[in-house]
Amino acid sequence: MVSILIDNNTLLRSYELEDANALFVAVNRSRQHLRHWLDWVDKTTKPEHTLQFLQQALQQQNSQEGLALGIFYKRSIIGGIGMHHWDHSLKKAQLGYWISKDFEGKGIIHECLIRFIDFLFNKVGLNKIEVHFIPENKRSAKVAERIGCKIEGVLRQSHLRNGKLEDIIITGLLKSEWHPLHSEGEVLSPFRPA
């Protein structure tokens with residue numbers, strides 16, 4: 001179990017199987033907003049789909065292939081944050097995140113990313129994180145910029161979203177470039193440095 005305290009109201013923690021219904025409800029409430037950016041939303045049509053995701057996420061966490069955490073605000077799921085494409089030899093991974101429409105624009109993703117990236121660099125032992133987004137996703141571009149990511153390139157027509165080929169902007173941040181604004185907070189983790 002990974003648990004990262006953000007503030008008195010906000011916590012990042014590993015999902016548990018019992019979170020399946022609450023996670024489905026959180027996704028469902030923001031379905032129209034999220035589906036524009038995230039392909040998996042249209043494939044998540046019932047609580048059983050979130051249960052399958054949680055089973056896979058826990059398996060990946062146990063085998064140290066990835067990490068998916070829920071963003072809990074006052075004990076309710078309002079979003080998710082995670083790392084995937086974890087390359088142990090290169091000590092890098094790709095980040096992903098989402099937040100319910102009602103909580104967008106409040107700085108929650110930014111604060112969660114600060115603590116999460118600090119955890120990945122200092123506890124997990126990563127040397128690099130990447131954030132990928134389509135050019136149209138101005139919010140993700142701004143989030144990546146605020147945490148210090150630099151644009152490393154554009155993969156032209158390399159992503160299929162809603163039946164349309166789109167470019168992907170690749171941004172990256174090295175541990176040596178990481179200067180968190182906040183790095184306090186309680187972190188509980190079974191992860192060992194790669």
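These are my notebook entries on a few places I looked up in this predicted model.

**Ground rules.** I number residues from 1 along each chain as its sequence is written, and side-chain values use heavy atoms, with hydrogens and water left out. Since the model is predicted, local features need pLDDT of at least 70 and side-chain atom pairs count only at pLDDT 80 or more, while totals for chains, interfaces and linings use all residues.

**Confidence.** I started with pLDDT, the predictor's confidence in each residue, from 0 to 100. The protein chain has a mean of 91, and 93% of its residues reach 70 or more. Residues 182-187 stay under 50, and the model gives them 14 contacts (heavy atoms within 4.5 Å) beyond four places in sequence. Residues 189-194 are also below 50, with 26 contacts beyond near neighbours in sequence. A note to myself: where pLDDT is low, the predicted coordinates should not be read in detail.

Helices (H or I, at least four residues) and strands (E, at least two) are DSSP runs, numbered from the N terminus. Strands pair if DSSP finds at least two bridges between them. I found S1 (residues 3-5) paired with S2 in the antiparallel sense over 3 bridges, with Ile4 opposite Leu12 in S2. The two strands make a hairpin, with 4 residues between them. S2 also pairs with S3 (residues 67-73), again antiparallel, over 5 bridges; here Thr10 stands opposite Tyr73. Why is S2 largely enclosed by the rest of the structure? Because 4 of the 5 residues of S2 (residues 10-14) are buried, where buried means under 20% relative accessible area, exposed over 50% and partly exposed in between (1.4 Å probe, protein chains only).

**Helices H1 and H3.** Next I turned to H1 (residues 20-29) and H3 (residues 47-62), whose axes come within 8 Å and cross at roughly 115 degrees. Those axes are lines fitted to C-alpha atoms, for helices over the stretch in contact, with angles from 0 to 180 degrees between N-to-C directions. On the H1 side I listed Ala20, Asn21, Leu23 and Phe24; they meet Pro47, Thr50, Leu51, Phe53 and Leu54 in H3. I sorted the residues of this contact into 7 nonpolar, 2 polar and no charged.

**Glu166.** My last stop was Glu166, which sits in strand S8 (residues 164-174). Is Glu166 buried or exposed? It is buried, at a relative accessible area of 9%. Leaving aside residues up to four places away in sequence, Glu166 touches Ile134, Glu136, Leu155, Gln157, Ser158, His159 and Arg161.

Note on methods:
Ala, Val, Leu, Ile, Met, Phe, Trp, Tyr, Cys and Pro count as nonpolar, Asp, Glu, Lys and Arg as charged, and the others, Gly among them, as polar.
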